[in-house]
Amino acid sequence: MRTFREIYEDREKEWLSPYACLSINSKGRLYPEEQDPYRTCFQRDRDRIIHSKAFRRLKRKTQVFLAPVGDHYRTRLTHTLEVVQIARSIARALRLNEDLTEAIALGHDLGHTPFGHAGERVLNKLSPNGFNHAQQSLKVVDILETRQGRKGLNLTYEVREGISHHSQGKHYILRGETPKENFCLEGLVVSISDVIAYITHDADDAIRANLIRIKDLPRNPVKILGKSPSEQINTMVRGVIEGSQGNMIQILPEIRNAMNELRDFLFEKIYPSEQIAKEIIKAERVVSELYQHFVKFPPDEIANKDFGDPNDTIEQKVVDFIAGMTDEYALTLYQKLFLPSPWQI
Ligand code: MG
């Protein structure tokens, strides 16, 4: 008897676009596994990512505002979920593989350091091998996470490729160009959905944080995209669905220009703003001092032979250890290591 998965795979063949990545055509996993009777390979990858520890840690990692006390600010986890939802809406309407899109989106930021891009910059400067969060996301799913006593989640080639390239495709799409590399369309959808999510919610959080008022937002993008986050997301999602054709993911030019303008505004006015920058300097110091300390005195976590890639240098293991930390974990550790504790008795 045919399994439910096989029937589902046939439905993909009938329903999805000729440019979609079918699960039956996956290039497979590093270590071959038996297929599941109910779930396609991409559905299994999605489940593995959701059940990983790295995924749960996203809830305490910075998006823009460091370890925010306010309950309504985005964190890496809520950012990830917003990207997932946007990407699925686009993939479904373009008849791309929604499960593959979802798995890539869920995994795309797993390699983010504590304190957002500030942490990434410091590790990139200090580490002899450099640091890039997309490559780190791939290392998380390939090596750093463990599953059933084995290193890595053993994901499919397509999900791994989508995760490691997630930050490259967007630049082409935002310029209205076609990528030179042969990216899968599901990965490109995640790449542009990441931008749609962060330009909307970072502007919204900046208003929440009193960094700007709604009337400070540049006029043209607000006119084209809308005022509220929901209107903005809606317009941009529509812009991608209606701008894409055949094997090209594009955005309607008017909407694309408005997105670029809003994005430029965030990079010029919000991210470098004094209130954020002064906390970032402190966060950079925390990451940098933790790094220097652990290279000299490797902690038990790293000394354990099960940690990371056994062929890596101590420096690289320290990078992997720090990159995995949440904001709170890094701050508590810093306090414990470098600040005197008050006498308790
Ligand atoms: Mg992201």
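Predicted model: local features only at pLDDT ≥ 70, side-chain atom pairs only at ≥ 80, totals over all residues.

Colleague: Are His108 and Asp194 buried or exposed?

Modeller: His108 is buried, and Asp194 is too.

Colleague: Which residue forms a salt bridge with Asp109?

Modeller: That's Arg76, with the closest N and O atoms 3.0 Å apart. The two come from distant parts of the chain: Asp109 is in the loop between H5 and H6, and Arg76 is in helix H4 (residues 76-93), 33 residues apart. Both Asp109 and Arg76 are buried.

**Salt bridges**

Colleague: OK, what lets charged side chains pair up at all?

Modeller: Side chains with opposite charges can pair when their charged atoms come close.

Colleague: And how many salt bridges does the count come to?

Modeller: The count is 29 salt bridges. One of the pairs is Glu98 with Arg92, where the closest N and O atoms are 3.0 Å apart.

Colleague: Why does Glu98 count as buried?

Modeller: Its relative accessible area is 19%, and buried means under 20%. Arg92 is partly exposed, because its relative accessible area is 42%. Glu98 and Arg92 also belong to a network of salt bridges, with Asp36, Arg39, Arg46, Asp47, Arg88, Asp99 and Glu102 as the other members.

Colleague: Which salt bridge does Arg121 make?

Modeller: The side chain of Arg121 meets that of Glu284, at 3.2 Å from N to O. Arg121 is in helix H6 and Glu284 is in helix H14 (residues 274-296), so this pair ties together parts 163 residues apart in sequence. Arg121 counts as partly exposed at 44% relative accessibility, and Glu284 is partly exposed with a relative accessible area of 23%.

**Rings**

Colleague: Switching topic: how many aromatic pairs turn up in the whole structure?

Modeller: The search finds five aromatic pairs. In one of them, Phe4 and Tyr8 have ring centres 6.1 Å apart and planes at 45 degrees, so the pair is tilted.

Colleague: Where do Phe4 and Tyr8 sit?

Modeller: They're in helix H1 (residues 4-15), and because they are four residues apart, about one helical turn separates them. Phe4 is partly exposed, at 47% relative accessibility. Tyr8 is partly exposed as well, with a relative accessible area of 26%.

Colleague: What about Phe294 and Phe321, why is that pair edge-to-face?

Modeller: Their planes are at 70 degrees, with the centres 5.5 Å apart, so the pair is edge-to-face. Phe294 lies in helix H14 and Phe321 in helix H16 (residues 314-323), so the pair ties together parts 27 residues apart in sequence. Phe294 counts as buried at 5% relative accessibility, and Phe321 is buried at 9% relative accessible area.

Colleague: Last one: which residue lies over the face of Trp15?

Modeller: Arg95 does, at 3.8 Å from the ring centre. Arg150 lies over the face of Tyr31, at 4.2 Å from the ring centre.

Definitions and conventions. Residues numbered from 1 in each chain as written. Heavy atoms only, no water. Buried < 20%, exposed > 50% of the residue type's maximum accessible area, 1.4 Å probe, protein only. Salt bridge = Lys/Arg side-chain N within 4 Å of Asp/Glu carboxyl O. Phe/Tyr/Trp six-rings, centres within 6.5 Å; stacked < 30°, edge-to-face > 60°. Lys NZ or Arg CZ within 6 Å of the ring centre and 35° of its normal.
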